[in-house]
Amino acid sequence: METIEPACRQDLPEVERLYRQLCDEQAGDPYTPMWEYGLHPDTEMLERHIENGELWIARVDGMAAGAMALVPEGGNREDLGLHLLGITRQFRGTGLSQRMLDVMDRETRTGGYRTQVLDVIAGNIRAERLYRRRGFEMTGRSSLQEGDRLLRFHLYRRDMKEG
């Protein structure tokens, strides 16, 4: 059985294990978000997303399989941002990311948002393909100094149609 639901405070240890696992699974994978647990994401960030009702956890047969944060952007409640979407290696290719994005679509509509926004580390081709198939369009590029590394991102946006 599969569930995708908001994480609660009691889920924090499981969520931390999940993101540590996702960071560890990046080794040797050419298409990654380049996460480094403790830098991005870190426990404080995950706690904040849980407290704000933004972190969603996907479970398959009771096992944490993926997670994402759905975050209002810019203070205008028009843009809903997707952050920290990750699926464990065991559940990649099962359609779980599509079903998680279906949850984002539902939350976008019920929350009255007009657009969905996200960024993807440049070179994460699998993620970019997924988002383009879902109707996202690249709108720009950005970079961020994180510790001693310079990360380059592609910015995506999807306008939600009525109906």
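Two strands count as paired when DSSP finds at least two bridges between them, strands themselves being DSSP runs (E, at least two residues) and helices likewise (H or I, at least four residues), numbered from the N terminus. This is a predicted model, in which local features need pLDDT of at least 70 and side-chain atom pairs count only at pLDDT 80 or more, whereas totals for chains, interfaces and linings use all residues. Residues are numbered from 1 along each chain as its sequence is written, and side-chain values use heavy atoms, with hydrogens and water left out.

Seven strands make up an open sheet of mixed pairing, ordered β1-β2-β3-β4-β5-β7-β6. Because β1 (2-6) and β6 (137-146) stand at the edges with a single partner strand each, one side of each has no neighbour in the sheet. Within the sheet, β5 and β7 (residues 149-159) pair in the antiparallel sense over seven bridges, and Ile 121 has Phe 153 of β7 as its bridge partner.

| Helix | Lies across | Angle |
|---|---|---|
| α3 | β1, β2, β3, β4, β5 and β7 | about 160° to β4 |
| α4 | β4, β5, β6 and β7 | about 165° to β5 |

A nonpolar core is a set of buried Ala, Val, Leu, Ile, Met, Phe, Trp, Tyr and Cys residues joined through side-chain atoms within 4.5 Å, where buried means under 20% relative accessible area (1.4 Å probe, protein chains only). The largest such core has 25 residues, and Met 68, Leu 82, Leu 85, Leu 96, Met 100 and Tyr 131 touch the most other members. Its largest share, five residues, comes from α3.

Methods
Buried < 20%, exposed > 50% of the residue type's maximum accessible area, 1.4 Å probe, protein only. Contact = heavy atoms within 4.5 Å. Axes fitted to C-alpha atoms, helices over the stretch in contact; angles between N-to-C directions.
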